[in-house]
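Biologist: Please take a close look at one part of this model, the sheet and the helices packed around it. I would like a connected account of that region.

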Amino acid sequence: MIDSHTQIYGIIGYPVRHSFSPQMHNAAFKAAKLNARYLAFEVTPHNLSEAFLGIRALGICGLNITIPHKEAAVSCIDSLDPTAKLIGAVNTVHSKDGKLTGYNTDGRGFIRALKEELRMVPISRRFFILGAGGAARAIGFNLAKEGARKIALYDALRPKAEKLALDLRHNFPNCKVQIVSGLPFPLLEDFDCLINATPCGMKNSDPLIVDPKFFHPGLVVCDLIYNPLRTKLLKAAQAKKLKTMNGLGMLLYQGVISWEIWTGKKAPIGVMKKVLTNIVSR
């Protein structure tokens, strides 16, 4: 029941109406018998700072941050946990005693999904990441932390890739970091895993971001997009009999970590996973 004591959580992004997070988190609150609700707030980049003023004024207890606000939100909060500070992007905000603290659970969520779904451990592996935004930064740092041997970066905005490469090299000198200019996909032969960390593929009109002729046997293809579940990239990889992973597992596990930060309780993972499974099976 919603009353004057109900705690409000939510997600902000643009767009955000496609998000499965409200169903997942509300089911978790219900299972844990917590008087809380989770809502989706569509916020344009122009209104981000004003949105955070509203968050403070209304006493919203916690947030998830999604595209395109993960980096810009850093300037809107009071403090960052060490991992979020290193990455320079946040996807989780916790409000306590009038202060907003930012966290980044994206990378940890991706790594956990990689291990759970594909039984793939990053140590000594080589990764090619498309995109250098907030999600790519989180994943890159966590892959390097987990012992990845090599990471290649491509972004249409080269300075973003250069900044991420510089930060990775500074913090993880044992991981070889390469910046890719243009899209010379024959390079994929030198990598174990391709990760799409761009929004390309969310819309039906989006082009296939990689020519399948450059796939090689044994390549693992991951797409952080979860709606649709099977992007053009994943369909092309599956047609080549490659192992694939969409963004649903990352959504689940980053959400689990966020939920535990907000509540201080152990998340009902089974409930959260069941909700997501039911949504995508419709």
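Modeller: Two strands pair if DSSP finds at least two bridges between them; strands (E, at least two residues) and helices (H or I, at least four) are DSSP runs, numbered from the N terminus. The model is predicted, so local features need pLDDT of at least 70 and side-chain atom pairs count only at pLDDT 80 or more, whereas totals for chains, interfaces and linings use all residues. Residues are numbered from 1 along each chain as its sequence is written, and side-chain values use heavy atoms, with hydrogens and water left out.

The open sheet has six strands in the order 2-1-3-5-6-4, with mixed pairing. Its edges are strand 2 (36-42) and strand 4 (79-80), each of which pairs on one side only. Strand 1 (residues 7-13) pairs with strand 3 (residues 62-65) in the parallel sense over four bridges, and Ile-11 stands opposite Asn-64 in strand 3.

Helix 1 lies across strand 1, strand 2 and strand 3, at about 170 degrees to strand 2. Axes here are lines fitted to C-alpha atoms, for helices over the stretch in contact, and angles run from 0 to 180 degrees between N-to-C directions. Helix 8 (residues 248-263) lies across strands including strand 5 (92-96) and strand 6 (99-103), and runs at about 10 degrees to strand 5.

Helix 1 (residues 21-31) also meets helix 9 (residues 269-280): their axes come within 8 Å and cross at roughly 140 degrees. The contact (heavy atoms within 4.5 Å) involves residues including Met-24 and Ala-28 of helix 1 and Val-275 and Ile-279 of helix 9.
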